[in-house]
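The contact between the chains is treated before the fold and the surface.

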Amino acid sequence: MPSTVAASRPQHRTPTSPMAPPRSFLWSRRIFLTLLTGFVLLPVYVMVSSSLKPLQDVSGKFRWLPSGLTIRPYIDIWSTVPLARYFMNSLVVAGTATVCSVAIAVFAAYAVSRYSFRGKRVFTITVLSTQMFPGILFLLPLFLLYVNIGNATGIALFGSRGGLILTYLTFSLPFSIWMLIGYFDSVPRDLDEAALVDGCGPLGALFRVVVPAAIPGIVAVAVYAFMAAWGEVLFASVMTNDATRTLAVGLQGYSTLNDVYWNQIMAASLVVSVPVVAGFLLLQRYLVTGLTAGAVK
Amino acid sequence: MTTTAPEAGTRAAPEGSPGAARGPRRTGRIRRIGLPYLLLLPALLLELLVHLVPMVIGIAMSFKELTQFYIRDWGTAPWSGLGNYKLSVDFDGPVGEALLHSFLVTVSFTLLSVGLCWLIGTSAAVYMQDTFRGRGLLRAIFLVPYALPVYAAVITWAFMFQHDNGLVNHVLHDQLHLTDKPSFWLIGDNSFYALLTVSVWKGWPFAFLIVMAGLQNIPRELYEAAALDGAGLWQQIRRITLPSLRPVNQVLVLVLFLWTFNDFNTPYVLFGKSAPEAADLISIHIYQASFVTWNFGTGSAMSVLLLLFLLIVTGAYLLVTSRGRKAADA
């Protein structure tokens, strides 16, 4: 992953800089970054190496190297628990929540960024303050609310993927709206006003001018929303049943009363992580630019 | 920031459908009174359904004696007035005592975790401000803990902290001989440090990311001017980089604080439904009070108390930092 941001922005101390970094700086940097890399990669190493070990290796004393390499865990994970189903559930829930949350946040942020209207301050403050509420505060009432709505209308929210999607999409919404307001503010107003003069409607101006100019911010928000939904545990463990269980809960199925299949747990962890990590690293440059404009100002 | 533009009065177009956009308009700002509300409507409805209504219900529940017998129809649960709150803050009683203990654990855990995350994240970002070989690769590596799904990462740590077959005991006891016998990491007093390690490992890349973004906003002329005046690198970092990061840090520290304080996923995956006493974070504690001992009323009262505490802390923090900023501007 060569750093694209590094190439595209001016560096603070270029070769023309009057001063080379002092030795103390270089040495402390070398030591610090080496230690930190070790700390960061240690669990990744454990995950990868243990996922290739036979069961007796992960049940006994830890060993740095497997006694014999095996891909058995990668085959067994699909039958020990219905991993494919959990995978599908996670994909549907996180994907839908992301798409909806980004769309809704784009509209809301556009309204806040481009229009003045009564109640704007109240809206932004309310949205922002939900960020500080502990999830546990919503869990119980939401649980009761979904059950009651289900009893009253027959719409099954509790235990369904729909209920989980609804929940997740509002969790990423406040952060998304907040980031996008900042990002839209950084798109010059003249651009969309010119579009309006040229005969675009407000939505035309939004989709033809503002959204294309704000792609990094929108990608950053989408990545955040997807990761939040993919990794959430609390609501997933209370609000799902056998059929709708997501990966976050499903991974607990590898420990039984008698055995903990650590090699399979590590293999499954790796399998569910690879798509997210790969996507994240591919999109990371958007994340940094998106955060610069949206959140940091 | 948004005082009304000079546009009161005349309504250019009827509110409602986007088609109305074709109505008469002036150059400059076009006002459609209804449009912003229409754009906000989906967000408002969802916020209402999933945040505001549940919050009201949660507050109402905290005044009720809500046990599992009333869960089907919680409206019929007997009224208990301030009973749940009294129980929660009665620090001589078992419930209040446990809550106070959990609160103190959470506070010290949060302060330590946020401090370490900030320190590591800022150091890494500042060290990586310049280009050097392998910088791009390192940055990608450093973002891995942030990108990994929480449960996958925490489960791996749980494996590493196992008593018999974990890496941590293997290294500390078998290889380095630092401990007399293998320690327990997921029960007992050590669990606090295990939790802290995982939380810092998972949390510092976010600080790194934000500080890195903040560093891009510092004009390089500042560094050039300082270098011409003979300021060394360390001095530049101390006098330019760190002060310029202040507004970024104020947001960062607040967000880290709130996220860490409310974190449920990490302790839940590491310890399960009930955390060891030394690492009994407040969100797990409330979860247990509600869903394990089936006392939803008390759980709600604790949640409301927690919310009040966070509101006060956030309010005070915002007040102090904005005052600090005003003083700096003056």
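In this predicted model, 124 residues of chain B are in contact with 118 residues of chain A. Together the two chains bury about 11200 Å² between them, and carbon and sulfur atoms account for 73% of that area. The rule finds 1 salt bridge across this interface. B:Asp174 forms a salt bridge with A:Lys61, with 3.7 Å separating the closest N and O atoms. On the side of chain B that touches chain A, the largest share, 20 residues, is supplied by helix H1 (residues 34–61) of chain B. Polar contacts across the interface of chain B and chain A amount to 11 residue pairs, both residues being at pLDDT 80 or more.

The secondary structure of chain B consists of 14 helices and 0 strands. Among contacts in this chain between residues at least 6 apart in sequence, 63% join residues at least 24 apart. Further values for chain B are set out below.

| Property of chain B | Value |
|---|---|
| Share of its 330 residues counted as buried | 53% |

Which residues form a nonpolar patch on the surface? The patch is made of B:Val89, B:Phe91, B:Leu100 and B:Leu104, which together have about 330 Å² of accessible area. Of these residues, B:Val89 lies in helix H2 (residues 83–89) of chain B. B:Val89 counts as partly exposed because its relative accessibility is 43%, a value between the limits of 20% and 50%.

Technical notes
Residues are numbered from 1 along each chain as its sequence is written. Chains are lettered from A and ligands numbered from 1 in the order in which they are written. This is a predicted model: local features need pLDDT of at least 70, side-chain atom pairs count only at pLDDT 80 or more; totals for chains, interfaces and linings use all residues. Side-chain values use heavy atoms; hydrogens and water are left out. Patches are made of residues with over 30% relative accessible area and no salt bridge: like charges are joined within 9 Å, nonpolar side chains (Val, Leu, Ile, Met, Phe, Trp, Tyr) within 5 Å. Accessible areas come from the Shrake-Rupley method with a 1.4 Å probe; for residues, only the protein chains shown count as cover. A salt bridge is a side-chain nitrogen of Lys or Arg within 4 Å of a carboxyl oxygen of Asp or Glu. Helices (H or I, at least four residues) and strands (E, at least two) are DSSP runs, numbered from the N terminus. Buried means under 20% relative accessible area, exposed over 50%, partly exposed in between (1.4 Å probe, protein chains only). Contact means heavy atoms within 4.5 Å. Buried area is the accessible area (1.4 Å probe) that two parts lose on being put together, summed over both. A polar contact is a pair of N or O atoms within 3.5 Å; within protein, one must be able to donate a hydrogen and the other to accept it, and residues adjacent in sequence count only if both atoms are side-chain atoms.
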